[in-house]
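User: Hey, I'm new to this one. Can you put it up and walk me through chain by chain?
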Amino acid sequence: MIEIRIHGRGGQGSVTAAELLAVAAFDDGREAQAFPAFGVERRGAPVLAFCRIDSKPIRIRSQIYEPDYVIVQDPTLMETVDVLAGLKPEGTVLINTEHSASDLKLDTTARVVTCPATQIALKALGRPIMNTAIMGAFSGISGAISFEAIERSIRHRFPGEMGDKNVQAARKAYELTKEQAE
Amino acid sequence: MRKMIEGSRAVAEAVGLCRPDVISAYPITPQTHIVEDLSQMVADGDIDAQYVRVESEHSAASVCLGAVAAGSRAYSATTSQGLMLMAEVLYNIAGMRLPLVITGVNRALSAPLSIWNDHQDTMALRDTGWLQLYAENSQEVLDMHIQAYKISEDDRVLLPVMVCMDGYVLTHTYESVDMPTQEEVDAFLPRYDPLYKLDPDDPYTLGAFADPSLYQEMRYEIQQDALGSKAVIKEAARDFKASFGRWMGDVLDPYQCDDAETIFIGLGTVVGTLKEWVDVKRGQGEKVGALKLRCFRPFPLEELREALGNAKRVVVVEKAVGVGAYGIVAAEVRAALYGQANMPPVTCAMAGLGGRDITFETFEEMLKRAQAGESDFFAGMRAELLEAS
């Protein structure tokens, strides 16, 4: 089972990202579960969302405390939230930032991958809504979900031109991070 | 068709497939996406129902009462304080013997204000005359609604059914379900054909005045039919399996219980986490099992005796507190086992209140304390908060 924890802020679409990852994993023939860390939604407040992916039906309902992957949608969160808490030593943290992984000087044995998802989103969508770019990046670093499935889940949620632009953002992030991962 | 959807959406679609004539709800926090989705489906013309938006949950229940009395199939959903506000009408619906299904989305009660999950709301309504079923996952809650109408409308029952579903943990979780087709549901659940209904051309009185010469017999009949509904619930589960190929238990659903020394009892989604933990413990050579109490009303007394007969120890994972007494479920499990030969000790472990996460560590604590002979306790407590108070 792959366990993913997403750190974002209210309004950044963390919950949507977890849901779309689950939809994409299911589209890839896997079982998946996505849920928010149930809170009172407020714009800008730190939020958590979770996603589990497995080859068999998922029964556990606890929150994820020892993730294989941590996704950080807003790097300023790292000033106040211990986003690396419980991350498996061989796990991966994916951070939305223009900085390189080595610039961040994180105290972890886990793999650190960065992706300028907000810049990619601004370019593709004209708005800083980077959760679809982050999904592409997740596909790129993990290979746990195929990019084709990511693309289908984005197009399903955002039909038409909005879907095209979001897929474009996801593809750019996918290609960038895939290079880093290799 | 198998698809990945939110738990609330799965319920909304299942309710739509049951072809309700009337849906009534009050759109306030705490509410769920269930009635939001249903209102959209009605507005889009996907469901041929009348959607009545009302000014309170008391009115939502009253609209459903009137709709069923007039011979319609009706539906509502609410949670927490909303369920409390419905309480008076819920007794009336059961007393008038009106078949109705509502979703009781489980959330904590105020005060303090909490929007998170536990079972204190529906547990407070256990003696209303409603049957109560508790669902473990999205597939089960979807299937349970279809079964619930069949059970409720059965001439041998004619009592309303509350399908209990963990707030957030199930309502807001995306997971895969197999959504049946309209044709499949129609074949399983025929259109509602009431024995009695309000009709101006053939008038009769519902919920009339009953003086002391009558009331007690009416309560007796509700009691007899509620107890008898157990057979109908089992039948519905069997028939559902024959039609849809799915089985998630009838009144109970045992998991690794046959040779279990310690059996954990749970209701709702906590059972999924329990099953996963049981596998871990079994891997360590410990004989634990999980028993899902799928049906709380009627209370499956004989079935519990049978299922727990060989256990050395029973732990009830209790998500509601019978304040001033014991955990509500544990008290009933103890009563069921009272006087039985080799009655195992029943530990009441209260946990998960107001949305506190229940993890493997919570179960480990429960097991350890039960083994040490503790009988009633709160698990997963924050000692530092208690010390500060």
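Predicted model: local features only at pLDDT ≥ 70, side-chain atom pairs only at ≥ 80, totals over all residues.

User: What box do the C-alpha atoms of chain B fill?
Analyst: Roughly 70 × 50 × 50 Å, taken along the principal axes.

User: And how many of the 389 residues count as buried, in percent?
Analyst: 58% of the residues of chain B do. Buried means under 20% relative accessible area, exposed over 50%, and partly exposed in between, with a 1.4 Å probe and protein chains only.

User: How many helices and strands are there in chain B?
Analyst: Chain B has 13 helices and 15 strands. Those are DSSP runs numbered from the N terminus: helices are H or I with at least four residues, strands are E with at least two.

User: Let's pick a residue. Where is Phe264(B)?
Analyst: Phe264(B) sits in strand β10, residues 262-266 of chain B. Its relative accessible area is 0%, so Phe264(B) is buried.

User: Which residues is Phe264(B) in contact with?
Analyst: Leaving aside neighbours within four places in sequence, its contacts include Leu274(B), Trp277(B), Val315(B), Phe363(B) and Met366(B). Contact means heavy atoms within 4.5 Å.

User: What about Thr269(B), buried or exposed?
Analyst: Thr269(B) counts as buried because its relative accessibility is 2%. Thr269(B) lies in the loop between β10 and α9 (270-283) of chain B.

User: What does Thr269(B) touch?
Analyst: Not counting residues up to four places away in sequence, Thr269(B) touches Arg61(A), and also residues including Asp166(B) and Lys319(B).

User: New topic: what should helix α3 of chain B span?
Analyst: At 1.5 Å a residue, the 13 residues of α3 (57-69) should span 18 Å, and the end C-alpha atoms are 18 Å apart, which agrees. The expected span is 1.5 Å times one less than the number of residues.

User: What covers the buried residues of α3(B)?
Analyst: The cover includes β2 (22-25), β4 (74-79) and α4 (80-95) of chain B. Among the buried residues of α3(B) are Cys64(B), Leu65(B) and Val68(B).

Notes. Residues numbered from 1 in each chain as written. Chains lettered and ligands numbered in written order. Heavy atoms only, no water.
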